[in-house]
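Me: I'm new to this one and would like to learn how to read it. Could you walk me through a few features?

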Amino acid sequence: MRIKKKYLKRSNSVKLAVGSVASDPKSPQTRKPKRRKSRVLFPNDTLIKPKKDERSRAKPFLVLFSVIVFVQVYNAIENLDDHVVKYDLEGLERTMHREVFGQPEALEELMDHLNDYLSTYAHQHPLALSLHGASGVGKSHLGRLLVRHFRSVVEDKLVVHYLSKHHCPLKEAAQHCASTLARRITEVVTRAEEEEQIPFFILDDVELMPPPLLDILQTFLQSDQTNEFLNVVYIFLSSLGQSEITAHILQNASTAGAHKPLRRALSLIHPLWTEPALELIPLSLLEREHIIQCFLEEMTLEGFYPDLSHVESLADELAYHRAAGRQYAKTGCKQVVGKVNQL
């Protein structure tokens with residue numbers, strides 16, 4: 001009985017204690033747990049913002065970096081302009097359009113290549129342009145204009161005008177001509193490298209060059225040469241492929257698209273014209289109006305009064321291809337000088 005009373009008394013005290021705790025609103029057990037707000041924090045959305053002196057220093061660095069890049073790009077553009085201005089390509093273009101008749105497409109293509117190449121001094125391969133056209137369309141005249149112009153803007157010894165008829169008239173001496181030309185190219189290129197200039201080689205009458213000369217020229221067009229041989233401009237002038245160009249113009253009234261048949265025909269002659277670095281530029285046939293321009297210019301140079309009716313009668317004496325309502329002179333302006341001399 002005594003043990004039972006003691007047990008009941010103890011259990012009642014425990015219940016009272018628990019009841020008092022439960023009735024106390026400030027008790028930790030009665031407090032409802034706070035629900036944590038679900039919030040997604042992004043890099044720019046944080047509860048703790050850094051102080052002004054503790055913020056990232058990346059912004060001023062990016063500003064400085066942007067300024068440096070802008071200055072570098074601006075200097076690069078200025079350097080490109082300086083290179084082009086040095087060679088006065090705008091003056092060359094004006095001269096050629098004024099003195100070369102009937103070749104607007106070819107001249108535009110030629111100037112595009114020269115502008116792109118001469119705008120910088122570092123290259124992956126030399127610039128090789130091969131201009132092809134029929135007799136009398138102005139190939140040799142164009143070559144003389146290029147030689148005269150580039151000799152006026154760079155040192156005279158850095159511009160070589162190679163005439164096959166003059167420099168290598170005998171086919172028996174072809175090997176000697178090839179070694180002489182290779183030595184000449186090497187000397188000029190070396191000198192140009194010392195003076196930080198780009199040399200120019202204008203080679204006329206390429207159709208008369210024997211295979212050893214073409215072999216030597218092909219070796220200088222490779223891209224695996226030392227740097228000085230990559231900063232060179234070669235311009236070939238030739239009548240090779242004239243039959244393909246003539247047929248294309250008579251059918252299409254333009255040289256547009258004549259590059260493929262021209263390269264196909266030239267590749268059968270020598271592998272020089274299969275080189276990727278070599279760009280082909282076909283020259284158009286001259287129409288009757290261009291022949292009249294040739295007569296007017298030649299008569300003015302010779303001191304004759306250029307009577308238009310007389311000039312037209314002289315132009316009618318030449319032979320023409322007729323296609324799509326146009327007349328293309330078979331010999332271009334080749335006979336103009338002779339006819340003016342007979343006056």
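Me: Let's start with a single residue. In which loop does Glu196 lie?

Reply: First, some ground rules: this is a predicted model, where local features need pLDDT of at least 70 and side-chain atom pairs count only at pLDDT 80 or more, while totals for chains, interfaces and linings use all residues. Residues are numbered from 1 along each chain as its sequence is written, and side-chain values use heavy atoms, with hydrogens and water left out. Helices (H or I, at least four residues) and strands (E, at least two) are DSSP runs, numbered from the N terminus. Glu196 sits in the loop between helix 7 (174-194) and strand 3.

Me: Are Glu196 and Ala253 buried, partly exposed or exposed?

Reply: Go by relative accessible area: buried means under 20%, exposed means over 50%, and partly exposed is in between (1.4 Å probe, protein chains only). Glu196 is exposed, at 59%. Ala253 is partly exposed, with 30%.

Me: Now back to helix 9. Which of its residues are buried?

Reply: Helix 9 covers residues 242-252, and its buried residues are Ile245, Thr246, His248 and Ile249. Looking down the helix axis, you'd find them within an arc of 165° (taken from the directions from the axis to the C-beta atoms), so they line one face of the helix.

Me: What covers those buried residues?

Reply: Here you look for contacts, meaning heavy atoms within 4.5 Å. The cover includes strand 1 (127-132), helix 10 (259-267), strand 5 (278-282), strand 6 (320-323) and strand 7 (326-329).

Me: How many aromatic pairs are there in the whole structure?

Reply: Rings of Phe, Tyr and Trp (its six-membered ring) pair if their centres lie within 6.5 Å; planes under 30 degrees apart count as stacked, over 60 as edge-to-face and the rest as tilted. A search of the whole structure turns up 4 such pairs. In one of them, the rings of Tyr87 and Phe200 have centres 5.9 Å apart and planes at 75°, so this pair is edge-to-face. Tyr87 belongs to helix 2 (residues 58-87) and Phe200 to strand 3 (residues 200-204), so the pair ties together parts 113 residues apart in sequence. Both count as buried: Tyr87 has 1% relative accessibility, and Phe200 has 0%. Ring pairs also bring in Phe150, linking it with Tyr87 and Phe200 into a cluster.

Me: Next, charges. How many salt bridges does the count give?

Reply: Side chains of opposite charge can pair when their charged atoms come close. A salt bridge here is a side-chain nitrogen of Lys or Arg within 4 Å of a carboxyl oxygen of Asp or Glu. That rule gives 8 salt bridges. One of them joins Arg288 and Asp316, with the closest N and O atoms 2.8 Å apart. Arg288 is in helix 11 and Asp316 in helix 12 (residues 308-316), so the pair ties together parts that are 28 residues apart in sequence. Another joins Glu287 and Arg326, at 3.5 Å. There's also a network of salt bridges that links Arg98, Glu99 and Arg148.

Me: With which side chain does Glu275 make a polar contact?

Reply: A polar contact is a pair of N or O atoms within 3.5 Å; within protein, one must be able to donate a hydrogen and the other to accept it, and residues adjacent in sequence count only if both atoms are side-chain atoms. For Glu275, the partner is the side chain of Gln218, at 2.8 Å.
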